[in-house]
Amino acid sequence: MRAAVFTEINQPLHVGQQSDPQVSAGEVLIQLKAAALNRRDYWITRGMYPGIQANVVQGSDGAGVVTAVGAEVSPDWIGKEVVINPGLNWGAEEQFQSPQFHILGMPQHGTFAELIAVPLESVYEKPTHLDWRQAAALPLAGVTAYRAVSRGQVIADSLVLINGIGGGVALMAMQFSLALGAQVLVTSSSQEKLDQACAEGAIAGFLYSDSDWGKQVLTGHGPVNVIIDGAGGSGYKTLLQIAAAGGRLVNYGSTAGTPENVDLFKLFWKQLRLIGSTMGSDQDFQEMLACVNQHQLVPRVDSVYALEDVNQAMKKLETGQQFGKVVLEIE
Ligand SMILES: NC(=O)c1ccc[n+]([C@@H]2O[C@H](COP(=O)([O-])OP(=O)(O)OC[C@H]3O[C@@H](n4cnc5c(N)ncnc54)[C@H](OP(=O)(O)O)[C@@H]3O)[C@@H](O)[C@H]2O)c1
């Protein structure tokens, strides 16, 4: 099969022939139709991820058709169109993942390939309203956003702020929050992305590069009940500033680094809750898919590249120009 393989830190992925995966008992073989990039893929190429190993097929997100099954799996699965849950071995606790939890695409071979073998438990029927590109864009960002929105206890009429709306997770978090009937505010580095988010249901957008964007939020809309953030960094203090009393700040990433000065006075005086969230359990994944089907949600695809052009796709992610997911089409 053809696949994009991580060989060395700070080097392009190597696209070439790999041996086909063997299907073990309890597994299915999937012919991938599309895969999607996540910031994790970029962090790995830069050496900024734990447990990096050479000669691993990268990629966590994928969708395709089951072409073979291992022992103990019903042959009825053959021919089914599926998406893959990239989180493996979540464990028995819904509140947090087990030490055995890991993600497809490092150290286990991932989805930037023509074929992948995964456990049957990781495979779910593809929502029928999504095409291959949209289906591949859904799993990792979808489950991360769904759990973050759930943990933030977003309900109808909550005022929710989603930081850095250009991100894949952020855009899905906006869709889930809107589906719950929340009022959604967004931030971005780009006015164009803010305008687009407002066209898709946000009530207002703010440039996080404006030094007074927090004041603009408070003046225009008042304090915010739930903040969904994957950036952290120096802007974190503004998130604490705009949080309403009893508010929740859910954090799933730190693209802009770890905040240095967290104002503890704001934290305790406003009775805030800081909540960490990472991907999601199998139950979160199932509920996420149910929500996507019920509300006919469609993940936003920013751009599509051939598998051969994976390094160009990675460049797109690196420059932060994307609005939604960067996808690989696999012939
Ligand atoms: N814990 C988990 O399970 C999990 C899962 C997925 C991702 N993550 C992490 O979450 C982060 C986002 O992931 P992603 O895949 O959604 O990434 P992405 O698609 O690459 O999006 C990153 C976005 O971050 C925004 N951003 C950058 N600097 C910012 C700042 N200073 N303030 C506010 N926003 C800023 C930008 O938004 P604009 O373009 O609008 O400016 C950018 O588009 C990454 O750090 C990733 O590693 C964690």
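The C-alpha centres of domain 1 and domain 2 lie 28 Å apart in this predicted model. The domain assignment of the chain places residues 2-138 and 299-329 in domain 1, and residues 143-276 in domain 2.

**Contact between the domains**
- Domain 1 contributes 10 residues to the contact, and domain 2 contributes 8 residues.
- On the side of domain 1 that touches domain 2, the residues comprise 5 polar, 3 charged and 2 nonpolar.

- Six strands form an open sheet with parallel pairing, in the order 13-12-11-14-15-16.
- Strand 13 (204-207) and strand 16 (273-276) stand at the edges; each has a single partner strand, so one side of each is left without a neighbour in the sheet.
- From one strand to the next, the twist averages 20 degrees.

**Pairing of strands 14 and 15**
- Strands of a sheet pair through backbone hydrogen bonds, in either a parallel or an antiparallel manner.
- Strand 14 (residues 224-229) pairs with strand 15 (residues 243-251) in the parallel sense, over 5 bridges.
- D229 has N251, in strand 15, as its bridge partner.

Conventions: Residues numbered from 1 in each chain as written. Predicted model: local features only at pLDDT ≥ 70, side-chain atom pairs only at ≥ 80, totals over all residues. Domains from an automatic or database assignment. Contact = placed C-beta atoms within 7 Å. Nonpolar A, V, L, I, M, F, W, Y, C, P; charged D, E, K, R; others polar. Pairing = 2+ DSSP bridges. Helix = DSSP H or I, 4+ residues; strand = E, 2+ residues; numbered from the N terminus. Axes fitted to C-alpha atoms, helices over the stretch in contact; angles between N-to-C directions.
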